[in-house]
Amino acid sequence: MLRQYVHQFGQKLVRRRRLGPREASDRCTVRRLNTLDLIALGLGGTLGNGMYILVGQVSAYEAGPAIVICYLLACLSTLLSGLCYAELAARVPCSGSAYLYSYVTMGQLCAFITGWNLILSYVMGTACVSRAWSAAFDSLIGNHISQAFQGTFSLNVPYFQATYADFFALGLVLLLTGLLFLGARESTLVNKVFTGVNLLVLSFTILSGFIKGDLHNWKLTEEDYRLATSGSSDAYSLGPLGSGGFLPFGFEGILQGAATCVYAFVGFDVIATTGKEAQDPRRSIPLGIVITIFIGFLAYFGVSAALTLMVPYYQIQPQSPLLQAFLHVGWNPARYVVAVGTLCALTSSLLGTMFTMPRLIYAMAEDGLLFRGLAQLHGRRGTPIWAILVSGMLAAVLALLLELIDLVYLVSIGTLLAYSLVAFSVLVLRYQPEQNLSKNEKIDDEIDISQWEASPWEPASEAGTSRTLKTLWFPTGTTPTLKSGHIVYGCASLLVLLLIILSLVLAQWPSQVFSGDPVLTTVAVLLLLLITGVTVIIWRQPQDPTALHFKVPALPVLPLVSIFVNIYLLMQMNTGTWVLFGVWMAVGFAIYFGYGIQHSLEENNDKQLPASTSQMLDQNMPNNESG
């Protein structure tokens, strides 16, 4: 009895969503977006808060001039994840977010974790950008807003809460929430205009930095810091010196900065969520993602280099780094040009995030994984009213109370975990038998899973064990089978565990490992050998030969490198961020196991299955075209 209950519970966790009539509506959508439109949407979401605010925080307190390396590492992590994202977009025959891709391909639990982390990224991202918009506008008018709020609404709660309650950011989020509730729609034309203005301003900033920049600012010493302190009317406004030079905070500072800079590339996933309006989604989505990440990296690299060349890193003002940089070099009128670009970029980023956030919540509620009331549509306007109101209110409260950098850390941690799940999905799916993602596959698929699940309880002969071990190195066929697919799934899960242990060792004791400590070095070498051996086992298994418009190259190495980089960057997060994230995930699991697992759409569909297989096939025959 217990065995049967555990088996049924496990099946619920890995139950995949079948594409049915809801996805058929994609065909009725006007496909008017080309690849350039998708790139503009991606850049509009990417070149926002990470460009105008994050660059100052990271360069002043975490990496100094080495912020250019931070962006390189963050770009590498995002690009690897973006390639995996692109294959999932090409594999699933409809548009959607990583949540939908995970649900269709990996199962319910993986989908919920991915979706819940994406909600965290969107909600915190909205709060981040609204707080950054407030800071940029405040700096432009002489910091009158912050001074008024600090004198009236100062918060004295330590660590998590901001120094003052930002009611301006609160009002901004509530205003846009109201517009969404009234049925406002994203405008690709407005987004293109904002993105174009942003790129022009960034180009101006980069050129200005190389004209007015000084290479000595990448070689600063204690003497320079003393001179800056003596010549400053407010010595407390200076950031830390560290050890000076190009790497003032060492390699640890670069890693911590790279983990923070992941937030800068978050916006590319809007390409997939709006892909149903693309003229050729299977080609445009992968191409748009890769080009968006590449252009974003060039822009971040150029602006961060220009900023640290114009201003010594310890004199950078994190709240408005670019505006203050032009004041520092004596180009006062240029700050107004930069201010226009700042507000355009942040507005574009905020609009993109706020339009995407309710869509994801609505999709999860419609699937039954979140409360179904969140999927309620307004009768006349057709907008998901409760998804908009709940997400908007939550983002507004967070923007009011939390410090900007704490919001950034939470966005980064949620994003890195979601990226890791996407990479894991791609790694496993490539080695699975060809899947028909429409509903008429359901019965055969579950019968196969049931048969496989029952087999481990049966006594295995010595010859059977020998054949299984031989299959690990010498598969019997050239196409994936159910057995080879489960071998890859088990090996991939083991690899994730090994990579977590290796990342923990390298993050906690890096100097001891590389200096030759006998215990830690031996542990690291053994982990590397195990990882290599298990990777070879996966590599030996046959891959799915299904032709796709895009496939991740160098499997299984590239997804594993992506997972390792993401996990290693996660290890750089501070304890407070993990505590907040743990609270968020605890709430999520309480919702899923208390409500979602019992009320999911797939659960209800299972209870309504016809008595015979033929009835099921006949009933769903018209839906075959929707896949």
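**Orientation**

This is a predicted model, in which local features need pLDDT of at least 70 and side-chain atom pairs count only at pLDDT 80 or more, while totals for chains, interfaces and linings use all residues. Residues are numbered from 1 along each chain as its sequence is written, and side-chain values use heavy atoms, with hydrogens and water left out.

Helices (H or I, at least four residues) and strands (E, at least two) are DSSP runs, numbered from the N terminus. Of the 627 residues, 54% count as buried; buried means under 20% relative accessible area, exposed over 50%, and partly exposed in between, with a 1.4 Å probe and protein chains only. A contact is defined by heavy atoms within 4.5 Å. Among contacts with a separation of 6 or more, 84% join residues 24 or more positions apart.

**Stop 1: helix 9**

Select residues 167–181, which form helix 9. This helix has 15 residues and reaches 21 Å from its first C-alpha to its last, close to the 21 Å expected at 1.5 Å a residue. The expected span is 1.5 Å times one less than the number of residues.

Next, show the side chains of Ala-169, Leu-170, Leu-172, Val-173, Leu-176, Thr-177 and Leu-180, which are buried. They cover an arc of only 165 degrees around the axis, which puts them on the same side of helix 9; the arc is that of the directions from the helix axis to the C-beta atoms.

Then move to the N-terminal end of helix 9, which Asp-166 caps: a side-chain oxygen lies 3.2 Å from the backbone nitrogen of Phe-168. The rule for such a polar contact is a pair of N or O atoms within 3.5 Å; within protein, one must be able to donate a hydrogen and the other to accept it, and residues adjacent in sequence count only if both atoms are side-chain atoms.

**Stop 2: the aromatic cluster**

Select Phe-112, Trp-116, Trp-584, Phe-589, Tyr-592 and Phe-593, which form one aromatic cluster. Rings of Phe, Tyr and Trp (its six-membered ring) pair if their centres lie within 6.5 Å; planes under 30 degrees apart count as stacked, over 60 as edge-to-face and the rest as tilted. By this rule the count comes to 22 aromatic pairs.

Centre the view on Trp-116 and Trp-584: the ring centres are 4.5 Å apart and the planes lie at 20 degrees, so the pair is stacked. Trp-116 lies in helix 7 and Trp-584 in helix 25 (residues 575–599), so the pair ties together parts that are 468 residues apart in sequence. Both Trp-116 and Trp-584 are buried.

Now turn to Tyr-592 and Phe-593, whose ring centres are 4.9 Å apart with planes at 75 degrees, so this pair is edge-to-face. Is Tyr-592 buried or exposed? Tyr-592 is buried, at a relative accessible area of 0%, whereas Phe-593 counts as partly exposed at 39%.

**Stop 3: helix 14**

Select residues 281–310, helix 14, and highlight Thr-308. Thr-308 is buried at 1% relative accessibility. Its side chain reaches the backbone oxygen of Ser-304 at 2.9 Å and that of Ala-305 at 3.2 Å. Leaving aside neighbours within four places in sequence, Thr-308 is in contact with residues including Ser-59, Pro-65, Asn-217 and Trp-218.

Leu-307, also in helix 14, is buried at 0% relative accessibility. Not counting residues up to four places away in sequence, Leu-307 touches Val-55, Ser-59, Ile-316, Pro-321, Leu-322 and Ala-325. The C-alpha atoms of Leu-307 and Ala-325, 18 residues apart along the chain, are separated by 6.8 Å.

Thr-292 is a further residue of helix 14 to select, and is buried at a relative accessible area of 1%. The side chain of Thr-292 reaches the backbone oxygen of Gly-288 at 2.7 Å.

**Stop 4: the cysteines**

Finally, select Cys-261 and Cys-70: the sulfur of Cys-261 is 5.2 Å from that of Cys-70, its closest cysteine sulfur, too far for a bond. A disulfide is a pair of cysteine sulfur atoms within 2.5 Å, and the structure holds zero disulfides. Cys-261 is buried, with a relative accessible area of 0%, and Cys-75 is buried at 8%.
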